[in-house]
Amino acid sequence: MQTPKVVILGAGYGGLITSRQLEKTLRNGEAQVTLINKHDYHYISTQLHKTGAGTAPDEKITLHIPDLLKRDKIQFKKGTVQGVDFTSKKVQLESGEFIDYDYLLIGLGFDVSTFGIPGVEENAFKIKSFRSTKAIYNHMLRQFAAYKEDLDPSRLTFAVAGAGFTGIEMIGELIEAMPKLCLKYDIPVSATKIINIEASASVLPGFDKEAIEFTESYFKKNGVELMTATKIIECSPTSITLDSGEELPSRTLIWSGGVRGNTLLEKLELPISKGRIIIDKFLRVKGMENVFCIGDAALFMKDDGTPLPPTAQVAIQQAEVCGPNLIASLRGEQLKAFEYHHKGTVASIGNKAAVGKVFGLKISGLFAALMKQVIEARYLFVLGGPGLVIKQFLKIGKPHSELAISKQK
């Protein structure tokens, strides 16, 4: 009898944790597992804002995927998925290679939603991946260097669209990054400006009043210009136009206005709703026995009829059930229904402050920031045990490279 082939698309939180589940439980020779990812590194997506502001070294954010896997159980293949033939059970890569599967897990990440606002797709920077956020930092370096030549204030005006979880965290890192960059380029901090633009009436829509008030007070104390109940209607390389008619001179718009499912999903012949794949209670694609989907790509409906949000916490919990369910499918055993247990949410505002709620307890300030670090450490523990936690903690970053000021934006 031929050995069953399990293929996992995407090495984000869901794909990696599922891989670890399979490593621990599969018997030798029971299945051939292949993990496919566009890059050979995994990035900690909840830390991407640090990459964007240059407040953490790259080594702290990225992990080499082959080093995280047991090669005798999981085969890693670097490649970009182009499509899937569900009839012949084949995954096609952009290289033209086809990968056969008996069981498939779709764990592809998210894409950024720009809502069709003119100029945003072309001119705004996205907090989407390690490379996209690294581009933010490189762009900031160019703007500081160019400011020394022309003293154009638009170069040092940094705007963040969206005051939700991601936007707040990006603002927090910018607050910490500005003094260091100003010192590096011998520019007064007063020459810089950080603006947060949010369409809702307050920051952190959906958070508790205390968290909102703490965040707004923290922003005010650190000189952030907060524009709530304000929409962006257009973005050019040098300015941002608001619904009030005001035009902000700025060469840097960092977009955190919303996410959607990976655009590749729309090319697949699968049940799609709101850009995400509809899945059943066992994390299988609706109507399919051998295709699973978890994480940002999956649309899992709660009992109250609302979908689970595309967060790392959801992806990790789904992966911890998906792994055993894949094995149960291989063995012809009963699958386990997925139940989500919300353990809390913490949004960092730099390294020394955060807001959130953990196990029903409202937290803010330095204690919340420490709790955020505990949450990050727990993920590393689940992924690679105490050894990986210690290894990441001890990593010393290399100095950020200097860039020429060519290709100024």
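Visitor: In which sense do S20 and strand S21 pair, and over how many bridges?

Guide: This is a predicted model, in which local features need pLDDT of at least 70 and side-chain atom pairs count only at pLDDT 80 or more, while totals for chains, interfaces and linings use all residues. Residues are numbered from 1 along each chain as its sequence is written, and side-chain values use heavy atoms, with hydrogens and water left out.

S20 and strand S21, which covers residues 276-278, pair in the antiparallel sense over 2 bridges; two strands count as paired if DSSP finds at least two bridges between them, and a strand is itself a DSSP run of E with at least two residues, numbered from the N terminus, just as a helix is a run of H or I with at least four. Within this pair, Ser273 stands opposite Arg276 in S21. Strands of a sheet pair through backbone hydrogen bonds, either parallel or antiparallel.

The two strands belong to an open sheet of 3 strands, ordered S20-S21-S23, whose pairing is mixed. Strand S20 (272-273) and strand S23 (298-299) stand at the edges with a single partner strand each, so one side of each is left without a neighbour in the sheet.

Around this sheet, the protein chain has 10 helices and 26 strands. Buried residues, meaning those under 20% relative accessible area with a 1.4 Å probe and protein chains only, make up 55% of the 409 residues. The C-alpha atoms fill a box of roughly 70 × 45 × 45 Å along the principal axes.

How values were computed
Buried < 20%, exposed > 50% of the residue type's maximum accessible area, 1.4 Å probe, protein only.
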